[in-house]
Amino acid sequence: MNRRTTRTLAAALSLTAALAISGCSSDSGSGSDKPAKPEKPVMTVSGAFVPEPVNDKMAGGFMVIKNGSSTADKLTAVTSPLSDDVQIHETKNQKMQQVPSMDVPADGELKLERGGNHVMFMGLKNKPKVGDKITIELRFEKADPVKVELDVKERTHNPQNENSH
């Protein structure tokens, strides 16, 4: 091979390599070179209830919040016409304390249940009775807010004792 052929061959190889590299990284409109946007979490709620409160000072709210997406989220606030002060409480070592948020895992659930984590209504505007419904709105870090109706149940109500079919 002479020098001219070698240069031509090197130039052709360089051009081919450059085209191959630019073809791999070019934006063809599909957005394939950008990281996938996380899926927005979608929350659903089941088993929501409040035991009939003893007085108008406080009441607990219980439910299961299910995250049907592959993106984790956090419950960050709860509002209700029943109280201007609705708190998120965690229970550790049989002591409850207010927390700013609770994790709702991707493709998982957050259980708010008796003896565990729950929602606490402080300074009730009225005392609900068995059969009433309490409206709340759950707010999340990423997911859209969710409106939920909690059934007011007997003080001794325990959903774990109900037959589920």
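**Questions on a predicted model**

Biologist: What makes up the lining of the second largest pocket, by class?

Modeller: In this predicted model, the lining has eight nonpolar, three polar and three charged residues. The space in this second largest pocket is about 220 Å³. Of the 14 residues that line the pocket, P51, M58, A59, G60 and M120 are the closest to its centre. Strand β2 contributes the largest share, four residues.

Biologist: How much space lies in the largest pocket, and which residues lie nearest its centre?

Modeller: The largest pocket holds about 280 Å³ of space. Its lining has 13 residues, and V64, L112, E113, P159 and Q160 lie nearest the centre. At least two lining residues come from each of β1, β2 (58-67) and β7 (109-112). By class, six are nonpolar, four polar and three charged.

Biologist: Why is the pair of D144 and K40 called a salt bridge?

Modeller: The closest N and O atoms of D144 and K40 are 2.7 Å apart, and the cut-off is 4 Å, so the pair qualifies. This pair links distant parts of the chain: D144 sits in the loop between β9 (133-140) and β10 (146-153), K40 in the loop between α1 (3-25) and β1 (43-51), and they are 104 residues apart.

Biologist: Are D144 and K40 buried or exposed, or in between?

Modeller: In between. D144 has a relative accessible area of 47% and K40 has 45%. Buried requires under 20% and exposed over 50%, so D144 and K40 are both partly exposed.

Biologist: How do you know that K111 forms a salt bridge with E109?

Modeller: Their closest N and O atoms are 3.8 Å apart. That is within the 4 Å limit, so the pair counts. K111, at 44% relative accessibility, is partly exposed, as is E109 at 37%.

Biologist: Why is the pair of E137 and K147 called a salt bridge?

Modeller: Their side chains meet at 3.5 Å, N to O, and this lies within 4 Å, so the term applies. E137 belongs to strand β9 and K147 to strand β10, ten residues apart, and the pair is one that links distant parts of the chain.

Biologist: What other residue joins E137 and K147 in a network of salt bridges?

Modeller: R139; E137, R139 and K147 are linked in that network. The structure holds eight salt bridges, of which the pairs above are some.

Biologist: Which residues have the most contacts inside the largest nonpolar core?

Modeller: M63, I65, L75, F121, I136, L138 and F140 do, in a core of 28 residues. Membership requires a buried residue, so each of these has under 20% relative accessible area.

Biologist: What does L138 touch, leaving out residues up to four places away in sequence?

Modeller: L138 touches V45, M63, I65, L75, A77, V78, P145, V146 and V148. A contact here means heavy atoms within 4.5 Å, so each of these residues has an atom within that distance of L138.

Note on methods: Residues numbered from 1 in each chain as written. Predicted model: local features only at pLDDT ≥ 70, side-chain atom pairs only at ≥ 80, totals over all residues. Heavy atoms only, no water. Core = buried A, V, L, I, M, F, W, Y, C linked by side-chain atoms within 4.5 Å. Buried < 20%, exposed > 50% of the residue type's maximum accessible area, 1.4 Å probe, protein only. 1 Å grid on protein atoms, 1.4 Å probe; cavity = no way out; pocket = protein on both sides within 12 Å on 5 of 7 lines; lining within 4 Å. Points joined across faces, edges and corners; volume = space filled by probe spheres on them. Nonpolar A, V, L, I, M, F, W, Y, C, P; charged D, E, K, R; others polar.
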